[in-house]
Amino acid sequence: MSLRLGDIAPDFEADTTQGHIHFHEWLGTSWGMLFSHPADFTPVCTTELGRTALLKDEFGKRNVKVIAVSVDDLESHNRWTPDIKDVTGSEVNFPIIADADRKVATLYDMIHPNASEKTTVRSVFVIGPDKKIKLTLTYPASTGRNFNELIRVIDSLQLTADYQVATPADWQQGDDVIVTPAVTNDQLEAKFPKGVTFVKPYLRTTPQPNK
């Protein structure tokens, strides 16, 4: 059965390029982003892991721990990481899970037989401090992920977890946000002192509360 939003992210133990981990313990009170790549020594994956490494400070600002996985062993990962640095200029600064037995891939339903019976698709799981899955995305092997978009979604998830707001289409940091229907009009002044605009009776916007 595939995992759904709100499910507890499956826990596991695994060897990684940064040592043995218990996943939930490794996450601690941080947010997490677990993402799979089809295989080591493949072109798109090389660019993706390099880009992730370049964004270390951006993930750090958001208290997000990043971890990658593929169905390759630890020796393969360690032979590949110098290529990533050579191609992208980025030292891999996050763990890569060795999953040759496909334990993690199976737990997270990362192998889609219609795409490939042997390798993982490009799955992304964003996990909250409560260990619940907040976001799932799946890309085909041929399409590299947009990591700026993943950071944007994490910003939205963290904002909407702390305030009774939602983010509109194409929202970026600093843009106005939408007041959720759960907030009554009588509560607006107390909850949103920056003011609220009534676009429609059901569509109320307010400046981003944490800016």
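A: Let us begin with a term that will come up again: a residue counts as buried when its relative accessible area is under 20%, as exposed when it is over 50%, and as partly exposed in between. Please also keep in mind that this is a predicted model.

Q: Where is Phe198 found, and what does it touch?
A: Phe198 is found in strand β10, which covers residues 197-200. Leaving aside residues up to four places away in sequence, Phe198 touches Asn185, Leu188, Leu203 and Arg204.

Q: And what separates Phe198 from Ile178?
A: Along the chain Phe198 and Ile178 are 20 residues apart, and their C-alpha atoms are separated by 10 Å.

Q: Let me step back for a moment. What is the protein chain made of?
A: The protein chain has seven helices and eleven strands, and its C-alpha trace spans about 60 × 40 × 35 Å along the principal axes. Of its 211 residues, 46% count as buried.

Q: Which residues does Phe147 touch?
A: Not counting residues up to four places away in sequence, Phe147 touches Met33, Phe35, Glu48, Arg51, Thr52 and Leu55. As for Gln208, it is 61 residues from Phe147 in sequence, and the C-alpha to C-alpha distance between the two is 22 Å.

Q: How do helices α2 and α4 cross?
A: The axes of α2 (residues 43-54) and α4 (residues 74-88) come within 9 Å and cross at roughly 75°. That makes the two helices roughly perpendicular, because angles of 65 to 115 degrees count that way.

Q: Which residues meet there?
A: From α2 there are Cys45, Thr46, Thr47, Leu49 and Gly50, and these meet Trp80, Asp83, Ile84, Val87 and Thr88 in α4. Sorted by class, this contact has five nonpolar, four polar and one charged residues.

Q: Changing topic, what lines the largest pocket?
A: The largest pocket holds about 160 Å³ of space, and its lining includes Gln18, Trp26, Thr52, Lys56, Phe59 and Pro95. Both α3 and β4 supply at least two residues each to that lining, which by class has six nonpolar, four polar and two charged residues. Thr52 has already come up, as one of the residues touched by Phe147.

Q: Last one: what is the phi of Asn63, and of Lys131?
A: Asn63 has a positive phi of about 55° although it is not a glycine, and Lys131 has a positive phi of about 70°, also without being a glycine. Asn63 sits in the loop between α3 (56-61) and β4 (64-70), whereas Lys131 is in the loop between β6 (122-127) and β7 (133-139).

Q: Are those two buried or partly exposed?
A: Asn63 counts as partly exposed because its relative accessibility is 40%, while Lys131 is buried, with a relative accessible area of 15%.

How values were computed
Residues are numbered from 1 along each chain as its sequence is written. This is a predicted model: local features need pLDDT of at least 70, side-chain atom pairs count only at pLDDT 80 or more; totals for chains, interfaces and linings use all residues. Side-chain values use heavy atoms; hydrogens and water are left out. Helices (H or I, at least four residues) and strands (E, at least two) are DSSP runs, numbered from the N terminus. Buried means under 20% relative accessible area, exposed over 50%, partly exposed in between (1.4 Å probe, protein chains only). On a 1 Å grid over the protein atoms alone, a cavity is a set of points where a 1.4 Å probe fits but cannot get out, and a pocket is an open set with protein on both sides within 12 Å along at least five of seven lines; lining residues have an atom within 4 Å of a point. Grid points are joined across faces, edges and corners, and a volume is the space filled by probe spheres set on the points. Ala, Val, Leu, Ile, Met, Phe, Trp, Tyr, Cys and Pro count as nonpolar, Asp, Glu, Lys and Arg as charged, and the others, Gly among them, as polar. Axes are lines fitted to C-alpha atoms, for helices over the stretch in contact, and angles run from 0 to 180 degrees between N-to-C directions. Angles under 35 degrees count as roughly parallel, over 145 as roughly antiparallel, 65 to 115 as roughly perpendicular and the rest as oblique. Contact means heavy atoms within 4.5 Å.
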